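Please open the structure in the viewer and keep the selection panel at hand.

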Amino acid sequence: MSDLPSQLQAQLQALVRPGDTFWWGQATAEPLTLTRALVEHRHALAQGGRLRAFVGIAASDTLKPEQADVFDFFGYSGGGAHRKLAQAGVLDIVPSHYSHLPGLIRAGVLPADVVMLQVSPPDEQGRYSLATVHEYLPAAIERARVVIGEVNPDVPWTHGSVYLRAEDFALLVDAEHPPLSQARSAPGLAEQTIASHIAAMVEDGATLQVGVGNLPEAVLAALRSHRDLGLHSGAVGDGIAQLAEAGALTNARKTVDTGVGIGGVLMGSEQVRRWAHRNPGFALRGTDYTHDPDMLAASHKLVALNSAIEVDLTGQVNAEVAAGTYMGAVGGAVDFLRGAARSKGGLPIVALPATAKGATRIVAQLSGPVSTPRSDAGLIVTEHGVADLRGQTLSQRVRRMIAIAAPEHRAELERQAHALLRQQGAAFPS
């Protein structure tokens, strides 16, 4: 193990080359000791050149716009504190489906030279687990010239598809910081009402996929009286641990990985870390497994629950840009919505409060890109109800979407809808 911090800069300098591209776990999986050393010593490490870093959702303030003096930041998301990078114009977005990332890494389209990992202490067999994340990191590990591990005694040892041994690391250091947490605030009335709408549609035995944020956590809380629910998700937060502890999440009726919940990354607090530690009923998997279309289609009654910034009257979803700032992602929403649509008894759901700061989020025209096309729209849910768009014509979709908008915005949306549908050559019966 390294004698931190005095030797770390010299050790990194021996491993890093100018032009290297760095990868590490997003959100709570960030290896803080390593990432903070990286940005602090970036000028020495770059040796007069530049470095690149792939970023996801941030749970820390490690990366700052001024570090673009050495770093080129690129990534799939402007989530969390990385919104500041986007606002400063120093974050180059990769607008890719989440499921495509491992293949792009393995093909060398997305280069991966140095991977920095937060890992658990080894088990009795000498295996270091990836602790709180798999996602796209297994592919990056395969391609990397250098793998550096930060051993944190406070992260869980988790079951998964990838384990590492001491000889797999070019460098191992001890963590100087506790693991990051992502606690959620209490849901408001709108979120609670949306959660009740969704919970009423979910059957016992369904398999759950949930996104991140307060709304998915509210939905999970509303499902605690359900039974034999399963888990196959990218993100796994405290609500999942609470659902399991309430006896609602057993994975007993899953058709794939029966008895075992599957996730890509833990995004919560000590509660979910404690639940996941050495839990044989939970395993982390890479993105090419969690987002595999055939795997999702085969999942029993897959409920895909994702959020949006805004949805238009025909079902197009913007999950990326708000007020001109990149703050979301294309992410895995399309992967999961398509999987749920193919799953027998599945529910492809996009949920959002009907307004934000008084402005409607059900709109006639999106203010940002189309993250999910209307051809993949299923059930859109707000606190005002559920719009089932499956198999509906454009005019029928418009009627159903207006019905779940905030009442004070419905008249204006209907006025805009006439012009919208005329522009698209579609009828809008009175």
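The model is predicted. Begin with the second largest pocket, whose lining comprises five nonpolar, two polar and three charged residues. To display this lining, select Ile309, Glu310, Ala322, Ala323, Ala356, Lys357, Ala359, Thr360, Arg361 and Ser367. The volume of the second largest pocket is about 290 Å³.

Next, turn to the largest pocket, which holds about 1,200 Å³ of space. Select Val212, Gly213, Ser307, Met327 and Gly328; of the 45 residues in the lining, these are the closest to the centre of the pocket. Then colour the elements β11 (207–210), α8 (214–222), β17 (302–307) and α13 (333–342), each of which gives two or more residues to the lining of the largest pocket. Which element gives the most to this lining? It is α8, with three residues. By class, the lining of the largest pocket consists of 24 nonpolar, 16 polar and five charged residues.

Finally, select Gln118, which belongs to strand β5 (residues 114–119). Is Gln118 buried or exposed? Its relative accessible area is 4%, and because buried means under 20%, Gln118 is counted as buried. Beyond its neighbours within four places in sequence, Gln118 is in contact with several residues, including Ala29, Pro31, Leu130, Glu150, Val155 and Pro179. Thr28 is also one of the contacts of Gln118; the backbone oxygen of Thr28 lies 3.3 Å from a polar atom of the Gln118 side chain.

Terms used:
Residues are numbered from 1 along each chain as its sequence is written. This is a predicted model: local features need pLDDT of at least 70, side-chain atom pairs count only at pLDDT 80 or more; totals for chains, interfaces and linings use all residues. Side-chain values use heavy atoms; hydrogens and water are left out. Helices (H or I, at least four residues) and strands (E, at least two) are DSSP runs, numbered from the N terminus. Buried means under 20% relative accessible area, exposed over 50%, partly exposed in between (1.4 Å probe, protein chains only). Contact means heavy atoms within 4.5 Å. A polar contact is a pair of N or O atoms within 3.5 Å; within protein, one must be able to donate a hydrogen and the other to accept it, and residues adjacent in sequence count only if both atoms are side-chain atoms. On a 1 Å grid over the protein atoms alone, a cavity is a set of points where a 1.4 Å probe fits but cannot get out, and a pocket is an open set with protein on both sides within 12 Å along at least five of seven lines; lining residues have an atom within 4 Å of a point. Grid points are joined across faces, edges and corners, and a volume is the space filled by probe spheres set on the points. Ala, Val, Leu, Ile, Met, Phe, Trp, Tyr, Cys and Pro count as nonpolar, Asp, Glu, Lys and Arg as charged, and the others, Gly among them, as polar.
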